[in-house]
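Subject: Structure for your review

Dear colleague,

Please find the structure below, together with its sequence. My findings follow it, and I would be grateful if you could read them with the structure open.

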Amino acid sequence: MSVQNKIELRNVKKAFGEKKVLDGVSLSVERGKSLVIIGGSGTGKSVTLKCILGLLKPDSGSILIDGMETSKLGGSERDHLMKKFGMLFQGGALFDSLPIWQNVAFGLIHGKRRAKDEARAIAIEKLKAVGLGENVANLYPAELSGGMQKRVSLARAIATGPEIIFFDEPTTGLDPIMADVINELIVNCVKDLGATALTITHDMASARKIADHVAMIHQGKIIWAGAVTDLDKSGNPYVEQFIHGRAHGPITDQAA
Amino acid sequence: MKFASSVIMSSFMPLLGDVCQGVGGSILQIMGAIGRLTLFALEAVFHVLTPPYFFRHVLRQFLDIGFYSLPVVGMTALFTGMVLALQSYTGFSRFNAESAIASVVVLSITRELSPVLAGLMVAGRVGASIAAEIGTMRVTEQIDALTTLSVNPLKYLIAPRMLAGTLMLPILVFVGDIIGVYGGYIVSTHVLGFSSGNYLHQTWDVLENIDVASGLIKAAAFGFIVALMGCYHGYNSGRGAQGVGMATTNAVVTASILILIFNYLLTQVFFS
C-alpha cells in the first residue's frame with residue numbers, strides 16, 4: 001500500500017510569474033526514513049519544502065501526507081496537520097524576543113497547550129539532548145553563537161515530538177566540526193523519535209551522514225533518486241558533477 | 001492628406017498602446033493592492049475577535065503603543081496648544097477679538113489637531129517599529145516558524161497590535177486634548193495676560209461633547225490605520241535589509257496619507 005510512504009509528492013508544479021520553479025516534482029519518503037534532497041542554489045529545494053509545509057501553495061499536483069491529500073487544506077485542518085511537523089530553519093528562525101527555553105517550549109505551550117512548568121521541564125530536557133546546559137535556558141537567542149542557535153532551533157523542532165521533521169540546510173554557515181556535531185544530533189534525534197526526515201542541503205558530507213535516500217533536484221525536476229549507498233554509482237552525469245563539486249559538467253554547461 | 005494621417009496614426013498608435021497599457025497596468029496594480037489590504041484587514045479583525053487570545057501580548061502592545069507614546073503625543077499637544085494661542089492672538093488682536101482665542105484653541109485641539117498630530121506622530125513612532133519588527137521576523141523566517149509551530153501569525157503577531165492601536169490612540173488623544181488646551185491656557189494667562197478664570201470660562205462655554213467625541217472616534221480610526229499599515233507592510237516585507245527598510249517607509253507614508261484622507265472624510269461626516 002502506498003500509505004507506507006509518509007510523504008509523497010506527485011507532479012508538483014509551482015511558478016512565480018513567468019519563472020517555473022517546480023516543473024513536476026515527484027518524490028516519496030518512506031515512514032521512518034530520512035530523505036535528503038540535494039541540488040544547487042535556486043533549483044527549487046526550498047520551494048519544495050515550503051510547498052509540503054503549506055507555506056506556499058503549489059499550482060498543481062498533489063502532496064500526500066500519510067496518504068492524505070494536503071495541498072488544498074486550509075484553516076483548522078492545516079493547523080492540525082502542522083502538529084505532525086517540526087522544522088529546523090536555515091537561519092534558526094528563533095524568536096528573538098523570547099528566552100531560549102520559551103523558544104524551545106513554544107510549540108508545547110501554544111500548539112499543544114501544555115502548562116508552563118511542564119513545558120519548561122521538557123524544554124530543558126530537549127536542550128540537554130542537543131548538548132546545551134540549563135544555564136542557557138534564560139538567555140536570549142542573540143546571546144548565543146551561530147552553532148548554539150542551530151542547536152536550540154533543533155531542540156525546538158523536536159520538542160513537540162513531531163512525526164516528520166524538515167531540515168533546511170542544517171549545516172550551512174557552521175564550521176566543519178560544528179556541522180558534524182549537528183549532523184550527529186540530527187541522526188540521533190530522528191532515530192530517537194522514530195520520525196521521518198526530509199532534509200535539503202548542498203553539503204555532501206552532511207547528506208552522506210544523515211540520508212537513507214538521496215534525491216537530486218535540477219531545474220525544478222527530480223533527476224535522480226536512490227539509496228545513499230548508490231550515490232557514487234548513479235551513472236548520472238549531473239549527480240556526478242554535483243557530488244564531486246566540479247566547475248565543469250552538464251549542470252554548468254546548461255546554464256551557460 | 002490621407003497618406004499623412006496614416007503616417008501619423010501608424011507612429012502614434014504604438015505610443016497610445018503603451019500609454020494605455022501603462023495606465024491600465026497601474027490601475028490593476030492599485031486595485032489588487034486595495035483588495036489584498038482589505039482581505040488582510042478583515043482577517044486581522046477576525047483574529048482579534050476570535051479565541052485563543054494572547055493576553056500577555058495584548059498588554060505588552062498596550063504598553064508599547066499606548067504608554068510609551070505618551071511623551072511624544074504629550075509634547076506635540078503641549079506645543080501645538082501653546083503656538084495656537086500665540087498665533088491666534090496676533091491675528092485676533094487686530095479685530096479686538098482676543099476673547100475668541102480660548103474657543104479657537106479648544107476646538108482646533110479637540111476636533112482636529114490632537115487626533116491628526118497624535119495619529120501622525122504615532123504613525124512615525126509605532127507604525128515604523130511594527131513594520132520593522134514584523135518585517136524582520138518575515139525576513140528571518142520567524143513568521144514561517146510560527147506557522148510550523150501551529151501558531152497562526154495573524155493571531156499571535158497582528159491581532160494584538162491592531163487591537164492595541166485601535167484602543168490606545170483614543171486614550172492618547174484624550175490626554176493630548178487636555179495637555180493641548182492646557183498649553184493654550186499657559187500662554188494665554190502667562191504671556192498674553194488673560195485672566196485665568198475668564199479663559200477657562202470661555203473654554204467651557206464653547207466646548208461640546210461632539211467636539212471631543214468626534215476627535216476620539218477619529219483617533220480610533222487612525223490607530224487602526226497605523227497598526228494595519230505597519231502590520232501589512234511588515235508582513236509582506238521584501239527580502240533583506242532593503243526589503244525591511246522599504247516596508248518601514250511604506251508603512252509610515254501610507255499611514256500618514258490615509259490619516260489625512262480619513263480625517264477629511266470623518267470631519268465631513270461629523271460636522272456637515
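How many residues does the contact take from chain B, and how many from chain A? Chain B gives ten residues to the contact and chain A gives 15 residues. On the side of chain B that touches chain A, these residues comprise five polar, three nonpolar and two charged. Please bear in mind throughout that this is a predicted model.

Chain B

The secondary structure of chain B consists of nine helices and zero strands. Along the sequence this reads as α-α-α-α-α-α-α-α-α. Chain B has a radius of gyration of 24 Å, whereas a compact globule of 272 residues would have one near 19 Å. The C-alpha trace of chain B spans about 75 × 70 × 35 Å along its principal axes. As for burial, 42% of the 272 residues of chain B count as buried. If one takes the contacts in chain B between residues at least 6 apart in sequence, 87% of them join residues at least 24 apart.

Chain A: the six-stranded sheet

Strands of a sheet pair through backbone hydrogen bonds, in either the parallel or the antiparallel sense. In chain A, six strands make up an open sheet with mixed pairing, and their order is E6-E7-E8-E3-E9-E10. Strand E6 (85-88) and strand E10 (221-227) of chain A are the edge strands, each pairing on one side only. On average, and with direction ignored, neighbouring strands of this sheet are turned by 15 degrees against each other.

Two pairings within this sheet may be followed in detail. E6(A) pairs with strand E7 (residues 164-168) of chain A in the parallel sense, over four bridges. Within that strand, Phe167(A) is the bridge partner of Leu88(A). Strand E3 (residues 34-38) and strand E8 (residues 196-201) of chain A also pair in the parallel sense, over five bridges. Here Ser34(A) has Ala197(A) in E8(A) as its bridge partner.

Chain A: the four-stranded sheet

Chain A also has an open sheet of four strands, with antiparallel pairing and the order E2-E1-E4-E5. Strand E2 (19-30) and strand E5 (68-69) of chain A stand at its edges; because each has a single partner strand, one side of each is left without a neighbour in the sheet. Strand E1 (residues 5-16) and strand E4 (residues 60-65) of chain A pair in the antiparallel sense over five bridges.

Chain A: a pair of helices

The axes of helix H5 (residues 146-159) and helix H6 (residues 176-193) of chain A come within 11 Å and cross at roughly 10 degrees. Angles under 35 degrees count as roughly parallel, and H5(A) and H6(A) are therefore roughly parallel to each other. From H5(A), the contact is made by Gly147(A), Lys150(A), Leu154(A) and Ile158(A). From H6(A), Met178(A), Ile182(A), Leu185(A), Cys189(A) and Leu193(A) take part. By class, the contact of H5(A) with H6(A) has seven nonpolar residues, one polar and one charged.

With kind regards

Key
Residues are numbered from 1 along each chain as its sequence is written. Chains are lettered from A and ligands numbered from 1 in the order in which they are written. This is a predicted model: local features need pLDDT of at least 70, side-chain atom pairs count only at pLDDT 80 or more; totals for chains, interfaces and linings use all residues. Two strands pair if DSSP finds at least two bridges between them. Axes are lines fitted to C-alpha atoms, for helices over the stretch in contact, and angles run from 0 to 180 degrees between N-to-C directions. Two residues are in contact if their C-beta atoms, placed from the backbone, lie within 7 Å. Ala, Val, Leu, Ile, Met, Phe, Trp, Tyr, Cys and Pro count as nonpolar, Asp, Glu, Lys and Arg as charged, and the others, Gly among them, as polar. The radius of gyration is taken over C-alpha atoms; the globule rule is 2.2 Å times the number of residues to the power 0.38. A residue is buried if 20 or more other C-beta atoms lie within 10 Å of its own, exposed if 12 or fewer, and partly exposed in between; C-beta atoms are placed from the backbone. Angles under 35 degrees count as roughly parallel, over 145 as roughly antiparallel, 65 to 115 as roughly perpendicular and the rest as oblique.
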